Amino acid sequence: MERTRRNILKLFGITALGVGAKPVLNAFAQEQGHPAEPEVRRGEKALTAKQWAMVIDTRQFHSAHDLEPIIEACHLAHNVPAFENKDHEIKWIWETEYQHAFPNKTTRFLNESVEHRPFLVLCNHCENPPCCRVCPTKATFKRESDGIVLMDFHRCIGCRFCMVGCPYGSRSFNFRDPRPGIAEQNDQFPTRMKGVVEKCNFCAERLAVGELPYCVKASKGAIKFGDLYDPESEVRQLLKENYTIRRKQALGTEPAVYYIV
Amino acid sequence: MNDKKWIIAGIVVFVAIFAFPLWYNMGKAAPAPELKLTEKAKAAKQCVMPTEYMRAEHMQLLDVWRHNVVRNTKREFVNTEGKTFNMSLSNTCLDCHANKADFCDKCHNYASVSPYCWDCHLDRSKENG
């Protein structure tokens, strides 16, 4: 072939066409005979929300006796051990007094009904959780999909920074193997091991199968659970109709557990 | 080179002692363990993925499961045949392989690995008999 300008330009054109067609051919090649890949997905019944929140109507609780079944339901289901030594205590949800739950909202001569009322406290699943900021291994994290502050026990190194970071004392450390302290093991749920921190998980395992948390179920309607950012949700209705308070709100952690007093 | 015979004898003795573990254990390699399957596992014929894959890659599979359950709110696994499984070590794996001592431990001991799954996850085989 003669080396004329015309022929060289033709050659360039054909080369450019070939180079351009290659990715297209590759794409076609992949389409065919492609083996099915295994897939992971969310269950069909799973409940979803932008930020799960809880409203506790404390007016419905009169004595520690009213809270017992709620605490029991949670601790039994999650294999939370009971130890007599207070230093080894593990708690996910527990009872306290008004002045301890709301130290900066208390007053002198508090009215008697509030002063003697039992308050349920648990992890607040803050929208701005300080525990997650301090965790060096990202073992505790705020789940983007539904705002639950969760623990990945596999990754927890037991440094306890999160326990210092949490202003609510919501976290407990396993100073000893928890298994001897578990009276009845629930074999559907794992236990923890010595050396990890644990806390309430807003029953993430139940939400995944379309059920509400154990405490909500055991509360006979005194605790409501729902999406904080859905204006139609039950919790939002309650927040609209009742005056509610949150624990240590001034710290800016934005707790997602609200109390009607 | 007057000490040649001593040096050579010394080297031979040294090599013999140094290689002691090799020649002492020669021909005595422990046989690979035979896995026992439960009736339920036999009936199912195939695990969540083909046997070959499971044998070699079950730890990677479990790692993917763990990550998706704990962090991504995804708890269902759909295998290449379209079957759906709940991604749970205690509730799915051990439901079929209810003989942890004969299934998991045997191989792990042989391979001298000690995974710490069971520090937290419950071995349900104890109650299943």
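1. Start where the chains pair. β1(A) runs antiparallel to strand β1 (residues 76-78) of chain B, and three bridges join the two. One residue pair to find on screen is A:R41, whose bridge partner in β1(B) is B:E76. Keep in mind that this is a predicted model.

2. Now widen the view to the whole sheet. Three strands form an open sheet in the order β1(A)-β1(B)-β2(B), and their pairing is antiparallel. The edges are β1 (39-41) of chain A and β2 (84-86) of chain B. Each of these edge strands pairs on one side only. From one strand to the next, the twist averages 30 degrees.

3. Next, look at the contact between the chains. On the chain B side, 21 residues are in contact with 24 residues of chain A. Which elements of chain B give two or more residues to the side that touches chain A? They are α4 (51-72), β1 and α5 (89-96) of chain B. α4(B) gives the most, with four residues.

4. What kinds of residue make up the side of chain B that touches chain A? Eight are charged, seven are polar and six are nonpolar.

5. Turn to chain A and its own sheet. Four strands of chain A form an open sheet in the order β9-β2-β11-β10. The pairing here is mixed. The edge strands are β9 (223-227) and β10 (244-245) of chain A, and each pairs on one side only.

6. Look inside this sheet at one pairing. Strand β2 (residues 52-57) of chain A pairs with strand β11 (residues 257-260) of chain A in the parallel sense, over four bridges. Within that part of the model, A:V55 has A:Y258 in β11(A) as its bridge partner.

7. Helix α9 (residues 234-241) of chain A packs on the four-stranded sheet. Which strands does helix α9 touch? The contacts are with β2, β9, β10 and β11 of chain A. The direction of helix α9 makes about 115 degrees with that of β9(A).

Conventions: Residues numbered from 1 in each chain as written. Chains lettered and ligands numbered in written order. Predicted model: local features only at pLDDT ≥ 70, side-chain atom pairs only at ≥ 80, totals over all residues. Pairing = 2+ DSSP bridges. Axes fitted to C-alpha atoms, helices over the stretch in contact; angles between N-to-C directions. Contact = placed C-beta atoms within 7 Å. Nonpolar A, V, L, I, M, F, W, Y, C, P; charged D, E, K, R; others polar.
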